[in-house]
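Here are a few exercises to work through with the viewer open. Try each one yourself before reading the solution.

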Amino acid sequence: LDKFVSSQRNDISRSMVRELCRKGQVTVNGKVAKAADAKVSENDIVAVKGVEICYKKFVYIMMNKPQGVVCSTRDGESKTVLELVPPEMFREGLFPAGRLDKDTEGFVLLTDDGALAHRMLSPKTHVPKTYFVRLRDPWQENYAQAFAEEKCLPAEFSASVNCPDECTVVLHEGKYHQVKRMFEKLGNKVVFLKRIKIGELPLDPDLPLGSCLEIMHKDVERLLTTKSFKCK
Ligand code: URA
């Protein structure tokens, strides 16, 4: 029981559960729990001080990462994405599934579901990642062709109709600094980069920079959608 409660509620430690049990403030299926080491399963209804604990095996968090924050679990100097997760969403074992550069903004998925992260990041799955790009110099007519012919895996380039220095790029694999390197090869330079979609799940446009949103089950599936990719 103590392990179950503390795994679901970051603000309640196992020793706190023991204390709450002593005070009769924990119930299992409506009955006051006497022992913190009682066996419980996902199907039991557990409540602490009358508030039900909704069991979730895993959590999936959409973050709108700001510039200056790093996608690692620990960093001596810079703030990490984990430090931006609000305490009520935080869980032991949470990690960023995939990396954005320190100066890249946008959609980072944080989860404790290692299997989903593995599938999402696997080069075999080809989950597309969509980026909004602002360039130093206007895009050129040949870019779409050049991206389609990318050596590793073809990428998709779409120019903005209204802004000559803006475009979107869809990648099917995420090598280190890939978007920046692709434009450098074309003699241009990325001056602003934001990930706006993973699979078929767009970054919520109302999610402020530095904020988090819990992704619900039906949307988790969309993270793995690869329908737009045609392998040569
Ligand atoms: N490509 C890059 O160059 N940087 C990122 O952060 C993501 C993709």
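**Exercise 1: the pockets**

The residues lining the second largest pocket split into 7 nonpolar, 2 polar and 7 charged. Keep in mind that this is a predicted model.

Task: find which residues lie nearest the centre of the second largest pocket, then work out how the lining of the largest pocket divides by class.

Solution. Start with the second largest pocket, which has a volume of about 270 Å³. Its lining is made of 16 residues, and Gln 8, Arg 9, Cys 54, Lys 56 and Glu 88 sit nearest the centre.

Now move to the largest pocket, with about 520 Å³ of space. Here 30 residues form the lining, and those nearest the centre are Arg 99, Leu 100, Tyr 131, Gly 174 and Lys 175. Helix H3 (114-121), S10, H5 and S13 are the elements that each give two or more residues to this lining. H5 has the largest share, with 3 residues. Sorted by class, the lining of the largest pocket comes to 13 nonpolar, 9 polar and 8 charged residues.

**Exercise 2: aromatic pairs**

Task: how many aromatic pairs does the structure hold, and what is the geometry of the pair Phe 132 and Phe 192?

Solution. The count is 7 aromatic pairs. For Phe 132 and Phe 192, the ring centres are 6.1 Å apart and the planes meet at 65°; edge-to-face needs over 60 degrees, so this pair is edge-to-face. Phe 132 belongs to strand S10 (residues 129-135) and Phe 192 to strand S13 (residues 190-198), so the pair links parts of the chain 60 residues apart.

Phe 147 lies in helix H4 (residues 143-148) and Phe 183 in helix H5 (residues 178-185), 36 residues apart. Both are buried. Ring pairs also tie them into a cluster with Tyr 143 and Phe 157.

**Exercise 3: one asparagine**

Task: is Asn 64 buried or exposed, and what does it touch?

Solution. First locate Asn 64 in strand S5 (residues 60-65). Its relative accessibility is 3%, so Asn 64 counts as buried. Leaving out residues up to four places away in sequence, Asn 64 has contacts that include Gly 106, Lys 194 and Leu 203. Leu 207 is also among them, and its backbone oxygen lies 2.9 Å from a polar atom of the Asn 64 side chain. Finally, check Cys 212: Asn 64 is 148 residues away in sequence, yet the C-alpha atoms are 6.7 Å apart.

Notes: Residues are numbered from 1 along each chain as its sequence is written. This is a predicted model: local features need pLDDT of at least 70, side-chain atom pairs count only at pLDDT 80 or more; totals for chains, interfaces and linings use all residues. Side-chain values use heavy atoms; hydrogens and water are left out. Helices (H or I, at least four residues) and strands (E, at least two) are DSSP runs, numbered from the N terminus. Buried means under 20% relative accessible area, exposed over 50%, partly exposed in between (1.4 Å probe, protein chains only). Contact means heavy atoms within 4.5 Å. A polar contact is a pair of N or O atoms within 3.5 Å; within protein, one must be able to donate a hydrogen and the other to accept it, and residues adjacent in sequence count only if both atoms are side-chain atoms. Rings of Phe, Tyr and Trp (its six-membered ring) pair if their centres lie within 6.5 Å; planes under 30 degrees apart count as stacked, over 60 as edge-to-face and the rest as tilted. On a 1 Å grid over the protein atoms alone, a cavity is a set of points where a 1.4 Å probe fits but cannot get out, and a pocket is an open set with protein on both sides within 12 Å along at least five of seven lines; lining residues have an atom within 4 Å of a point. Grid points are joined across faces, edges and corners, and a volume is the space filled by probe spheres set on the points. Ala, Val, Leu, Ile, Met, Phe, Trp, Tyr, Cys and Pro count as nonpolar, Asp, Glu, Lys and Arg as charged, and the others, Gly among them, as polar.
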